[in-house]
Amino acid sequence: RGVQPRGPAAELLAGSADPFSGTYRVKGLTTDVKRGDTRRIHGLIVIAEKDGVYSTNAELETKFPSAGGPVDAQVIGTGSGERAGHRLGGMTETQLVMSTVPGVDTGFAWVPRTVGPRLVSSWKAHFRPDGTLVVEIQNDPAEGVEYSPTTTTLYGTRIEEPGADE
């Protein structure tokens, strides 16, 4: 069903019982569904399979809109999913950690940080024909949280682990 992968994506899917597991450097855009505003997002996603269930971990960075201007934010999430053919899909829970000082990185020592909204997201992932991982995410506020729903699309390349060829 659907389009069959070709090129590097076909090799990934055919050459491994589990082509998805790995660490990916990703970048993309988050779009506010209501307003149409976009913001860049980038970082790392780790996908691991065990007994047919995929776990995901993400550490991403973005600029989160605030009344005082955009603030640096870390987007930290964990989730799980399952494979259906050439695609993965599942759910994830995400927490935003934001700098309280616009323009200052959340990881900078002694800069106060605040915990931002918790999100519950559904996601799906597949490979483009060139082997790029595409992750599409629908982000909604967790129960009792104020957050304007967003969509995020990430494009990633696998990071080869040292010693993987040995």
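**Close-up views of a predicted model**

By class, twelve nonpolar, twelve polar and one charged residues make up the lining of the largest cavity. The legends below belong to a predicted model.

**View 1. The largest cavity and the residues around its centre.** The structure contains one cavity of 30 Å³ or more. The space in the largest cavity comes to about 330 Å³. Its lining consists of 25 residues, and those nearest the centre are Ala58, Leu60, Thr92, Thr94 and Ile137. Two or more lining residues come from each of β2 (38-50), β3 (53-64), β4 (71-84), β5 (87-99), β6 (113-127), β7 (133-141) and β8 (150-159). Strand β3 contributes the most to the lining, with five residues. Rolling a probe the size of a water molecule over the atoms shows where empty space is left.

**View 2. Thr56 in strand β3.** Is Thr56 buried or exposed? Thr56 has a relative accessible area of 11% and is therefore buried, the cut-off for buried being under 20%. Leaving aside residues up to four places away in sequence, Thr56 touches Val46, Ile47, Gly77, Thr78, Gly79, Ser80, Thr92 and Trp123. One of these contacts, Thr92, is also among the residues that lie nearest the centre of the largest cavity. In a regular strand the side chains alternate between the two faces of the sheet.

**View 3. The hairpin of β1 and β2.** Strand β1, residues 22-32, pairs with β2 in the antiparallel sense, and the pairing runs over ten bridges. Within this pair, Thr30 stands opposite Arg39 in β2. Five residues lie between the strands of the hairpin, where Gly36 takes a positive phi near 85 degrees.

**View 4. Lys34 in the loop between β1 and β2.** Lys34 counts as exposed because its relative accessibility is 68%, and exposed means over 50%. Which residues does Lys34 touch, not counting residues up to four places away in sequence? The contacts of Lys34 under that condition are Ser148 and Pro149. Lys34 can also be set against Thr150: the two are 116 residues apart in sequence, while their C-alpha atoms are 8.1 Å apart in space.

**View 5. The hairpin of β2 and β3.** Strands β2 and β3 pair in the antiparallel sense over ten bridges. Gly43 stands opposite Leu60 in β3, and Leu60 is among the residues nearest the centre of the largest cavity. This hairpin has two residues between the strands, and Asp51 takes a positive phi near 55 degrees.

**View 6. The protein chain as the setting for the close-ups.** The protein chain has one helix and eight strands. Along the sequence these elements follow the pattern α-β-β-β-β-β-β-β-β. Of the 166 residues in the protein chain, 38% are buried. Among contacts with a separation of 6 or more, 47% are between residues 24 or more positions apart. The accessible surface of the protein chain is about 9,900 Å², and carbon and sulfur atoms account for 53% of this surface.

How values were computed: Residues are numbered from 1 along each chain as its sequence is written. This is a predicted model: local features need pLDDT of at least 70, side-chain atom pairs count only at pLDDT 80 or more; totals for chains, interfaces and linings use all residues. Side-chain values use heavy atoms; hydrogens and water are left out. On a 1 Å grid over the protein atoms alone, a cavity is a set of points where a 1.4 Å probe fits but cannot get out, and a pocket is an open set with protein on both sides within 12 Å along at least five of seven lines; lining residues have an atom within 4 Å of a point. Grid points are joined across faces, edges and corners, and a volume is the space filled by probe spheres set on the points. Helices (H or I, at least four residues) and strands (E, at least two) are DSSP runs, numbered from the N terminus. Ala, Val, Leu, Ile, Met, Phe, Trp, Tyr, Cys and Pro count as nonpolar, Asp, Glu, Lys and Arg as charged, and the others, Gly among them, as polar. Buried means under 20% relative accessible area, exposed over 50%, partly exposed in between (1.4 Å probe, protein chains only). Contact means heavy atoms within 4.5 Å. Two strands pair if DSSP finds at least two bridges between them. Accessible areas come from the Shrake-Rupley method with a 1.4 Å probe; for residues, only the protein chains shown count as cover.
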